[in-house]
Amino acid sequence: MILLPFIYALLAVFFIRRVSFFRLEGLGTWTPSLFFLLKVVAGTALWALYTYHYSDSTNADIYKYFSDSEIMFNALDQHPGDYFRMLFGIGNDTPYFDTQYYQVMDHWYREFDSNLYNDSHTIIRFNAFVRLFSYGNYHVHTVVMCLLSFTGLCGLYKVFYPLLKQWGRIPGWIIFLFPSVLFWSSGVLKEGFLFFGLGLMLYHFFRMLNNKQWWRMLPVAAYALLLFVTKFYLLVAVVPALLGALLVHFTGKRLVILKYGIVIIFYGVAGLLTDKIFPGYDPFEVLAIKQHDMLNLARGGTYLLSDTTVNLEKAWIAYLPAEKRAEIIPDRDSGFYHIREGNTFMAWSVMNLSDTLSVTGSRDTTRYTLLSDFPKANSMLDVKPLEPTFADITLHTPQAIWNTLARPYPWEGKGILLLLAALENGLLLGVLLFCILHASRISPERMNLFLFSLVFVLVLFSITGLTSPVMGALTRYRIPGLPFLLFAALLVCDIEKVKKRFPKLVRF
């Protein structure tokens, strides 16, 4: 079994060597294969970090969905029909599946659910499918995810490289070797799916426009659907960029900035009208609720459900913050929990979540079952809860973009991952400043791709910064935008100016 991931990695290299899609202009014959193998090494390093350094596997994303997938996969032996219904999401939303499988999983349901698609289902299903040939070997899952994300990165490279040829190997280094992109997109995480779906969607989209191959609308739609079920906000972020590119394509490449500006205004007006057209889907309310949920997760704590065998209508949920975990007393005989006398905690009715009260100096003798228990995040930002209004969201957007781009600062780098993220931020800001100082006027074609990238990055960084109050999470959630940000910087940077000022650097 130890040899199994090595065999699959070699098969992947053979596949990369044989398929013409992976022949990347500007890079050597063996370079794509070496970049892929480096991703496998990075994915293994991510596994080692969360296995030996951060050893709480119950809260590590690389294990949470992998463990839940075993429950789904085990149905294949006795109830194969159940397995395939869950895998494809057909006829599986019934009390039977809920009782037999989903309630046994730890992460099929969110801690805080919303009316948006639960993207945890996608990664659980991916792992349940790969188990068909991985025999439960985690590292095989790493190899498969690396191949998927590498494929998407190759698609992005093919989109940008034709306009960045003068930079030689640098575009390849950016997209395949930039530290956080390499690290987080190589593990058994949703980021691998994001790059796979985003890269191939944009590859087919621009091929469709440039070559008028309208049949490519089908793969564009398919990969857009993958983004929808993996991370919905990424699809929301890329749509205005796609609309801007379409407008430029059908109306000509004059006044490109104005056309993208029109699209942004249209997108903002559409957001204001969404709730009027589709009641219950106010995007500003969705952002505020998502931030509220993320704040609750970041604060940590324990959620308890009162004994529902008495009367479900009278049941309630009790919440105690993470620092009061010791005040929850388990009863080993019954499996229930009690709250130590004299405590203060929040409670609300199961039937009316808005009916919240604070219990002070409790003498509560209720029996509780444990709903969830998670630690406090170590890198919380000091953010104000959002109001679900256009004005409040707009007011907080600049700070959200900056937090996503530049945090953590060097003095905030507590822990190895945050320290490395702070160092990467210094590198990123340095590159951006260098390119801005050497910028010059660019052709309409380059301006089109520059604005496409900039619009995508700004919308993505706005969404992630507004909804994620934890610096550690931001360093992950922003990575789909980093290649676009760096490519945009190269598009406006005048290499002739750089050659005159730094001839040795250019030769390197």
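1. In this predicted model, the largest nonpolar core comprises 135 residues, and those with the most contacts inside it are F176, M201, L202, F452 and F456. Helix α7 gives the most to this core, contributing 14 residues.

2. A second, separate core is made up of 9 residues, among them A318, L320, A347 and Y368.

3. With neighbours within four places in sequence set aside, M201 is in contact with V220, Y223, A224, L227, V238 and L242.

4. Helix α6 spans residues 120–134, 15 residues in total. From its first C-alpha to its last, α6 reaches 20 Å, close to the 21 Å expected at 1.5 Å a residue. Directly after this helix, Y135 adopts a positive phi of about 55°.

5. Helix α6 is mostly covered, as 12 of its 15 residues are buried. The buried residues include the run S120, H121, T122, I123, I124, R125, F126, N127 and A128, together with V130, R131 and S134. Their packing partners are α1 (4–18), α3 (61–78), α4 (80–88), α7 (138–160), α10 (190–211) and α11 (217–230).

6. A270 lies in helix α13, which covers residues 256–277. Its relative accessible area is 30%, so A270 counts as partly exposed, the category between under 20% for buried and over 50% for exposed. The C-alpha atoms of A270 and F336 are separated by 49 Å, the two residues being 66 apart along the chain.

Notes: Residues numbered from 1 in each chain as written. Predicted model: local features only at pLDDT ≥ 70, side-chain atom pairs only at ≥ 80, totals over all residues. Heavy atoms only, no water. Helix = DSSP H or I, 4+ residues; strand = E, 2+ residues; numbered from the N terminus. Expected span 1.5 Å × (residues − 1). Buried < 20%, exposed > 50% of the residue type's maximum accessible area, 1.4 Å probe, protein only. Contact = heavy atoms within 4.5 Å. Core = buried A, V, L, I, M, F, W, Y, C linked by side-chain atoms within 4.5 Å.
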